[in-house]
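Work through the following exercises with the sequence and the coordinates open. Each task is followed by a solution in steps.

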Amino acid sequence: MSRDRAELIIRRILVALDASPHSLAALEAAVELASRFGAELYGLYVEDINLLRLAELPFAQEVGQFSANRRRLDVQELERQIRAQTVRIRRIFRGTSQRAEVSWTFSVSRGRVDREVLAAATEADVLVLGRAGWSWIRPGRAGSTTRAVLAQAPGWALILQEGTCLGQPVGVVYDGSPLAQKALEAAAALLEDDGQMTVLFLADDPQSFESLKAQVHAWLGEQDIQMRYRTLTSFNVPSLVDALETEGCGTIVLPARSAVLSDQALRALLDEVRVPVLLVR
Amino acid sequence: MTPIQELEAGQLYQHTDPARFGFETTEELEDLDQVVGQPRAVEAMKFGMGIKARGYNIFAVGPPGTGKRTVVTQYFEQQAKEAPVPPDWCYVNNFEESHRPKVIQLPAGKGIAFRQDMDELVDSLGTALSAAFESEEYQARRQSIASELQERQSEYFQDLQEKAQEKGVALLRTPAGLAFAPIREGEVMSSDEVQELPEEERKQMESQVEELQTELQKIVRQVPSWQRETQDRLRELNREMANFAVGGLIDEIQERYSDFPKIVEHLDGVQKDIVENARDFLAGPQQEEGNLPAALRGAMSGQSGEGGSLVLRRYRVNLLVDHSQAEGAPVVHEDNPTYQNLVGRVEHIAQMGALVTDFNLIKPGALHRANGGFLIIDARKILTQPYAWEGLKRALRSREIRIESVGQMLSLISTISLEPETIPMNTKVALLGEPMLYYLLYQLDPDFPELFKVQADFATSMDRNDENQELYARMIASLARREELMPLDRTGVARVIEHGARIVSDTQKVSVQMRDIADLLREASYWASQNGHDVITAADVQEAIDAQIYRSDQLRERVEEAIERDIVLIDARGDKIGQINGLSVIQLGNFAFGRPNRITARAWMGKGNVVDIEREVELGGPIHSKGVYILSAFLGERYAEEIPLSLSASLVFEQSYSGVEGDSASSAELYALLSAIAEVPLKQSLAVTGSVNQHGGVQAIGGVNQKIEGFFDVCRAEGLTGDQGVLIPASNVQHLMLRQDVVDAVKEGQFHIYPVENVDQGLELLTGMPAGERDEEDKFPEGTVNRRIEDRLVAIAEKRQAFAKDEKEELG
């Protein structure tokens with residue numbers, strides 16, 4: 001299904017796992033990517049040091065997520081629960097990877113979640129992670145850990161939300177920057193056979209639109225890809241989200257830094273879009 | 001005494017003269033549309049069909065083969081043709097109580113249309129509902145309801161989180177829940193750091209965490225109720241969409257059936273049910289039928305070919321009785337009247353070891369099919385089927401059909417079953433049965449006279465007068481045509497009529513047992529074709545009769561052979577004292593034949609009793625014993641009025657090993673006894689039949705033709721001597737329909753048949769002596785049989801008196 005593209009080499013994919021439904025969606029997508037690129041899959045579970053510290057506090061208590069009962073948070077009890085969670089996640093990870101016949105490694109570390117994930121991400125080409133550690137957060141909104149990791153992730157990052165997977169058509173935001181060129185490559189790699197690529201040009205006047213289009217055409221060259229173009233003249237988040245939704249994109253590829261979109265706008269965009277987003281650096 | 005006149009050949013067989021018929025062959029005759037020889041039964045049928053009151057059902061009584069079924073069917077069909085077509089009946093689901101399906105009555109032919117309409121509705125339901133539920137409107141509204149919940153939740157959490165952040169506290173997720181932790185520089189404070197805090201600050205922090213936890217608890221507790229609220233709103237939305245989607249479809253059908261309030265009501269139920277369950281059957285088989293286990297549902301939806309998936313089955317219509325093709329009222333013959341075939345049944349399907357059912361599996365019985373018309377059942381069959389008779393009576397009494405399994409009726413089993421609504425019944429029932437069954441039922445079943453008030457009594461014979469013979473000829477003609485047999489020429493018809501008389505053994509009557517006549521015609525037609533004839537002639541009919549006899553007379557032949565070979569001792573010539581040839585009839589199926597029996601008597605001095613050896617060894621039946629008692633009474637009255645009867649005698653049927661019944665041999669026994677007393681020999685060339693009364697009169701017996709022929713055959717085998725013959729009661733002369741060879745022998749003087757009125761006539765014939773009548777001195781004249789008898793009795797009485805005196809003296 002994938003095109004052979006020498007420019008795009010992805011060897012290692014890191015997926016950060018917790019027990020949340022979001023991270024399970026991330027796992028599925030990571031496995032798909034790994035099998036598509038023939039990459040090695042790294043699973044990482046971080047035992048949150050903050051939780052263990054909290055448990056040492058004399059007044060630490062937890063509130064049951066469903067029962068709403070208040071319980072004393074005990075270090076040993078917490079250790080046991082974390083161990084059980086690790087075992088469960090390892091089993092799911094192994095099962096999913098083996099089914100897809102992807103070569104895999106699973107490791108567990110202890111520390112601050114964002115730091116551990118970032119440390120592991122330095123050795124990976126793509127980092128895949130769920131949007132948040134729990135589901136009561138507003139839909140689309142990224143969790144604090146995810147935000148922190150995204151802000152500092154060294155390579156590409158793919159963010160997923162509960163119930164989604166890498167879908168078609170693939171939308172890509174193009175502003176003419178070198179990163180945007182890379183985003184085009186990434187989007188092409190995510191295309192399925194007969195899949196369509198939708199390019200959103202950020203251009204405030206017809207001339208720049210023509211020049212952006214020409215760039216894309218040049219990039220396209222002889223490639224047989226079904227293309228669709230759309231121009232956005234105002235670069236605010238709501239209009240961008242609206243454009244992506246009306247185009248019905250199943251996956252979105254974004255350059256991590258854009259000449260025309262501020263970092264803040266990019267982050268806000270992440271909060272609003274529900275489909276998987278691949279940030280390209 | 002008048003000397004007895006032997007019968008002439010002409011008196012032995014009443015011919016039907018073929019020349020009296022005005023046709024050549026039966027081809028020329030018109031079909032007969034009336035029933036011959038059953039005026040009483042026909043009257044009863046007309047009455048029974050005409051009267052509408054309750055309980056006037058018909059019982060056709062008559063021996064097998066009298067045409068009960070034909071007559072009843074014919075009259076029912078005539079009446080049914082003019083009767084209105086009864087309504088159609090459907091069962092539909094009861095949405096309130098699904099185990100009690102509802103019944104709907106529709107004019108004939110409308111049932112099938114209703115079923116079609118509902119099938120179409122069911123077929124279009126899927127499309128209509130999925131269109132509604134896949135519409136943008138629905139999706140958008142559903143999304144909005146769902147996200148409202150999520151937004152509400154996240155709003156509360158967001159607030160809480162922000163509140164916590166302000167206080168330097170973070171909300172963390174633990175594997176099992178949520179917890180608040182004090183934060184310093186983005187990390188949870190360690191216990192040492194907390195310990196180092198000033199007392200007051202620490203307390204404040206703890207109370208802040210406490211406060212936040214309480215608030216968190218409050219929020220978490222509210223979540224289920226928010227979810228419920230959302231569910232309710234989603235359900236309401238589903239209902240609204242489904243109502244909109246199916247409302248139009250259902251309104252359309254409701255309008256079509258607006259004259260039938262029950263259908264309108266049912267359709268309301270259907271709409272309500274569809275709306276309640278709309279999402280279920282859009283979601284596919286795994287969510288169907290909430291109250292059945294999943295595996296069961298899968299299996300059922302797989303098999304239920306006729307009704308589609310299980311959910312949709314309940315909107316279908318089970319058209320129980322369909323009269324769309326009917327003209328007039330139905331006439332139903334139930335040949336296998338089991339309980340379930342009568343009242344209908346509820347079938348079950350075995351699923352995963354359990355039996356399940358629904359209203360679609362209700363099957364009609366004969367009572368349903370015959371409702372509004374006529375039902376014909378064989379009485380013997382229904383009485384031999386367990387509970388069938390009770391079931392029929394209950395339906396007739398209550399005038400409604402209730403479908404219940406036998407198990408349910410007896411409260412034996414309680415598998416899940418249905419109690420379908422009852423259907424009002426208005427059916428005229430005719431039972432067909434033998435007289436014995438009718439009288440037994442009348443006597444033993446108190447319900448029977450209430451429910452079967454009309455007795456249609458079928459006769460076995462009719463008068464053999466001119467008019468009837470014409471009718472008989474036409475009946476033979478229609479029978480031959482209906483059965484596609486060859487036509488008969490007039491000699492054939494005459495021969496069939498004669499045989500009809502022979503069947504009932506009566507010159508004045510002719511049989512109306514149509515089965516026998518039809519068999520004879522079929523067989524005669526076969527022989528006619530074998531003989532290369534175009535029409536059935538008298539010879540063909542005769543051949544058929546002879547062949548019938550030949551096929552069944554092996555035993556007769558054995559008996560005759562045994563006599564010929566002197567294994568069974570019969571004398572047909574010479575004279576013997578105390579020995580006579582009696583005649584008996586053996587009945588084998590529908591074939592009967594006569595044979596002579598040697599009867600002997602012995603007399604000796606005794607106390608005046610006649611010993612019937614047959615009775616002593618219990619080989620004699622009660623009627624036979626009665627005959628023997630009568631003859632001893634005759635003996636005492638005639639000869640021993642004034643002297644004690646001091647004689648004992650014994651009577652026996654020689655070489656009889658299987659029992660004797662009937663009194664037709666009592667005259668023969670009397671002759672043998674008198675011969676033994678008088679010591680006068682009897683002619684063995686004569687055989688005797690006839691019963692005797694206390695005055696010595698000889699009375700009619702049955703089977704006279706067979707008896708005469710039986711003796712004739714034995715005589716002929718030994719060679720006819722010219723003086724052989726049979727004594728028959730004079731009153732049996734009217735029953736003579738003898739075989740042609742017997743008639744011919746009589747004509748040639750080779751064989752003789754004497755009609756006897758009293759014992760004295762018989763005595764004279766058998767002894768060749770005058771019998772003698774009492775003169776003025778109350779004495780029989782010398783040289784008569786009676787005188788010899790009396791003298792012998794007086795002599796024995798005196799001897800006995802002398803004995804008694806001697807005994808007394810010896811004792812004294």
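**Exercise 1. The largest cavity**

Task: State the volume of the largest cavity, then find the residues and elements that line it.

Solution. The structure is a predicted model.
- Step 1. The volume of the largest cavity is about 70 Å³.
- Step 2. Its lining consists of B:I145, B:E148, B:L149, B:R152, B:W226, B:E229, B:T230 and B:R233.
- Step 3. Two or more of the lining residues come from each of α4 (136-166) and α6 (199-256) of chain B.

**Exercise 2. The remaining cavities**

Task: How many cavities of 30 Å³ or more does a search of the whole structure find, and what lines the second largest cavity?

Solution. 
- Step 1. The search gives 5 cavities of 30 Å³ or more.
- Step 2. The second largest cavity holds about 60 Å³ of space.
- Step 3. Lining residues of the second largest cavity include B:R556, B:V559, B:E560 and B:I563. Also among them are B:F593, B:G594, B:R595 and B:P596, together with B:G710, B:D713 and B:V714.
- Step 4. The elements of chain B that supply two or more of these residues are α21 (554-564), β22 (591-605) and α25 (704-718).
- Step 5. By class, the lining of the second largest cavity splits into 5 nonpolar, 2 polar and 4 charged residues.

**Exercise 3. Backbone geometry**

Task: Locate residues of chain B other than glycine with a positive phi, and describe the peptide bond between A:Q168 and A:P169.

Solution. 
- Step 1. As background, most residues other than glycine have a negative phi, and most peptide bonds are trans.
- Step 2. B:E484 has a positive phi near 55°. This residue is in the loop between α17 (466-482) and α18 (490-503) of chain B. B:E484 counts as exposed because its relative accessible area is 72%, and exposed means over 50%.
- Step 3. B:D566 is not a glycine either, and its phi is positive at about 60°. The loop that contains B:D566 runs between α21 and β20 (575-577) of chain B.
- Step 4. In chain A, the bond between A:Q168 and A:P169 is cis, with omega about -10°. A:P169 belongs to the loop between β7 (156-160) and β8 (170-174) of chain A.

**Exercise 4. Buried or exposed?**

Task: Identify buried residues of helix α13 of chain B, classify B:I401 and B:L410, and find the surface patch that includes B:L410.

Solution. 
- Step 1. Helix α13 spans residues 388-398 of chain B, and its buried residues include B:A388, B:W389, B:G391 and B:L392. B:K393, B:A395 and B:L396 are buried as well.
- Step 2. B:I401 is part of strand β14 (residues 400-401) of chain B. With a relative accessible area of 0%, B:I401 is buried, since the cut-off is under 20%.
- Step 3. The C-alpha atom of B:I401 is 59 Å from that of B:Q740, and 339 residues separate the two along the chain.
- Step 4. B:L410 sits in the loop between α14 (406-409) and β15 (423-424) of chain B. Its relative accessible area is 34%, so B:L410 is partly exposed.
- Step 5. Together with B:Y387 and B:L412, B:L410 forms a nonpolar surface patch with about 290 Å² of accessible area.

Definitions and conventions:
Residues are numbered from 1 along each chain as its sequence is written. Chains are lettered from A and ligands numbered from 1 in the order in which they are written. This is a predicted model: local features need pLDDT of at least 70, side-chain atom pairs count only at pLDDT 80 or more; totals for chains, interfaces and linings use all residues. Side-chain values use heavy atoms; hydrogens and water are left out. Patches are made of residues with over 30% relative accessible area and no salt bridge: like charges are joined within 9 Å, nonpolar side chains (Val, Leu, Ile, Met, Phe, Trp, Tyr) within 5 Å. Accessible areas come from the Shrake-Rupley method with a 1.4 Å probe; for residues, only the protein chains shown count as cover. A salt bridge is a side-chain nitrogen of Lys or Arg within 4 Å of a carboxyl oxygen of Asp or Glu. Helices (H or I, at least four residues) and strands (E, at least two) are DSSP runs, numbered from the N terminus. Buried means under 20% relative accessible area, exposed over 50%, partly exposed in between (1.4 Å probe, protein chains only). On a 1 Å grid over the protein atoms alone, a cavity is a set of points where a 1.4 Å probe fits but cannot get out, and a pocket is an open set with protein on both sides within 12 Å along at least five of seven lines; lining residues have an atom within 4 Å of a point. Grid points are joined across faces, edges and corners, and a volume is the space filled by probe spheres set on the points. Ala, Val, Leu, Ile, Met, Phe, Trp, Tyr, Cys and Pro count as nonpolar, Asp, Glu, Lys and Arg as charged, and the others, Gly among them, as polar.
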